[in-house]
Amino acid sequence: MKIALITGVTGQDGSYLAELLLEKGYVVHGIKRRASSLNTQRIDHIYQDPHEENPRFKLHYGDLSDAMNLTRIIQEIQPDEIYNLGAMSHVGVSFDTPEYVGNIDGLGTLRVLEAVRLLGLEKKTKIYQASTSELYGGMPENKNEKGFYDENSPFYPRSPYGVAKIYGFWIIKNYREAYNMFACNGILFNHESPRRGETFVTRKITRAVARIALGLQDKFYLGNLDAQRDWGHAKDYVRMMWMILQAEQPEDWVIATGVTTTVRDFVRFAFLEVGITLRFEGTGVNEVGIIDSMDYEKYQKAINPNNVQQTTSNEKRLEIGKEVLSVDSTYFRPTEVDLLIGDPSKANQKLGWVPEHDLASLVKDMMQGDVSLMKKEVILQRAGH
């Protein structure tokens, strides 16, 4: 029975990966940071009480800033595979906390590698490093002949997050070559799900659209609506993480869909899931999103799929012509990456990886999750809480 260690197990990717590995019969160990409030919502459904007989999912307190802690955990569990997913992964926030992101996302990777090397586990333990499309920086001259970024495209990071991750990328490659370790980078393009953190743009959109549809708020604010991203589903991407460590040779891989979409269109698709068609007026910081039309039957099915008797209706608050989105320049980054699109040809041809979700199914999944979540808030408000 294989043993896996996941840093960042409480995050979006960590929780989906833990589910996948448990399904494949692994014993899964996860590292979580100590916090005064609970931060295990994404893995509560797979948590196993340590008093149970032979539990296969175990949690350890730890931090990528603590080399001795990491070394002790790795020594205790002797993992066959380590998935280093832990990171401060918010690009915008990295401009506010550049030293912290360098310590965790850059040096944290080195600490994992050094622990494995010093414990003499170079031949036993395979290491997956969660790298990022932010390495490329969106520089158009660095794309391949197809107009995409691939494993051979030059890097030009444009945020402290990207710079920290580029150290993580190269130290993985260096230890692979210097110590013959099975250490791989997965260069992940944007991947989302209902478990995405609330401050990331896709989840910010789906939460706001669900709240607007249910009458919990009137409008919301975004930054650059012209930014284009290659968005995939996190479930597809964690499957590829596992496939990378099952390959015959350690290599670096791009994980992407090869399709790009603007933030504006993501907003449009999210509203369509609840029967609302938007039109956009203005440009730049003066651009706004306005309700253009409504499919009331689709709206009712989206917010009330089980046809439960409702005491109030929000339709009157969703008037045609109502402004529901504005641009706020404070959300613009100091150095903006306008377009990212990846070329997954290598993953497809060498490992047979093909995404099972497209953008439409991703948006649908996220909207259903957030409508369901926000309906709980409606119930609490009606009960006077």
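**Ground rules.** I am working from a predicted model, in which local features need pLDDT of at least 70 and side-chain atom pairs count only at pLDDT 80 or more, while totals for chains, interfaces and linings use all residues. I number residues from 1 along each chain as its sequence is written, and side-chain values use heavy atoms, with hydrogens and water left out.

Entry: I traced an open sheet of four strands in the order 8-15-14-13, with mixed pairing; strands (E, at least two residues) and helices (H or I, at least four) are DSSP runs numbered from the N terminus, and two strands pair if DSSP finds at least two bridges between them. Strand 8 (220-222) and strand 13 (276-281) are at the edges with a single partner strand each, so one side of each is left without a neighbour in the sheet. From one strand to the next I note an average twist of 30 degrees, with angles running from 0 to 180 degrees between N-to-C directions and axes being lines fitted to C-alpha atoms, for helices over the stretch in contact.

I then went through the pairs. Strand 8 and strand 15 (residues 323-327) are parallel and share three bridges, and Phe220 stands opposite Leu325 in strand 15. Helix 8 (residues 263-272) packs on the sheet, where it touches strand 8, strand 13 and strand 15, and its direction makes about 150 degrees with that of strand 13; contact here means heavy atoms within 4.5 Å.

Strand 14 runs antiparallel to strand 13, to which six bridges join it, and also antiparallel to strand 15, with three bridges. Gly289 of strand 14 is the bridge partner of Phe280 and stands opposite Leu325 in strand 15. Strand 13 and strand 14 form a hairpin with six residues between them, and Gly282 in the turn has a positive phi of about 85 degrees. Five of the seven residues of strand 14 are buried, which leaves the strand mostly covered.

**Entry: the core.** Which residues touch the most other members of the largest nonpolar core? I find Ile205, Phe220, Val267 and Phe271, out of 38 residues in that core, a nonpolar core being a set of buried Ala, Val, Leu, Ile, Met, Phe, Trp, Tyr and Cys residues joined through side-chain atoms within 4.5 Å. Among the elements that each supply at least two residues of this core are helix 6 (201-213), helix 9 (296-303) and helix 11 (359-382), and helix 11 gives the most, with eight residues. Leaving aside neighbours within four places in sequence, I find Val267 in contact with Ile205, Phe220, Leu222, Leu278, Phe280 and Leu325. A second, separate core has 34 residues, including Ala18, Leu20, Ile46 and Phe57.

**Entry: helix 6.** I counted burial here: 10 of the 13 residues of helix 6 are buried, so the helix is largely enclosed by the rest of the structure. Its buried residues include Ile205, Val209 and Ile212, but also Arg203 and Arg211, and what covers them includes strand 7 (191-192), strand 8, helix 8, helix 9, strand 15 and helix 11. After helix 6 comes Gly215, whose phi is positive, near 80 degrees.

**Entry: salt bridges.** How many salt bridges does a search of the whole structure find? It finds 24, each being a side-chain nitrogen of Lys or Arg within 4 Å of a carboxyl oxygen of Asp or Glu.

Glu377 and Arg211 meet in one of them (2.8 Å, N to O), linking helix 11 to helix 6 across 166 residues. Arg211 is buried at a relative accessible area of 16%, whereas Glu377, at 26%, counts as partly exposed.

Returning to Glu323, I find its side chain in a salt bridge with Lys219 (2.6 Å, N to O). Lys219 lies in the loop between helix 6 and strand 8 and Glu323 in strand 15, so the pair ties together parts that are 104 residues apart in sequence. Lys219 counts as partly exposed at 24% relative accessibility.

Lys350 forms a salt bridge with Glu251, the closest N and O atoms being 3.0 Å apart.

Methods: Buried means under 20% relative accessible area, exposed over 50%, partly exposed in between (1.4 Å probe, protein chains only).
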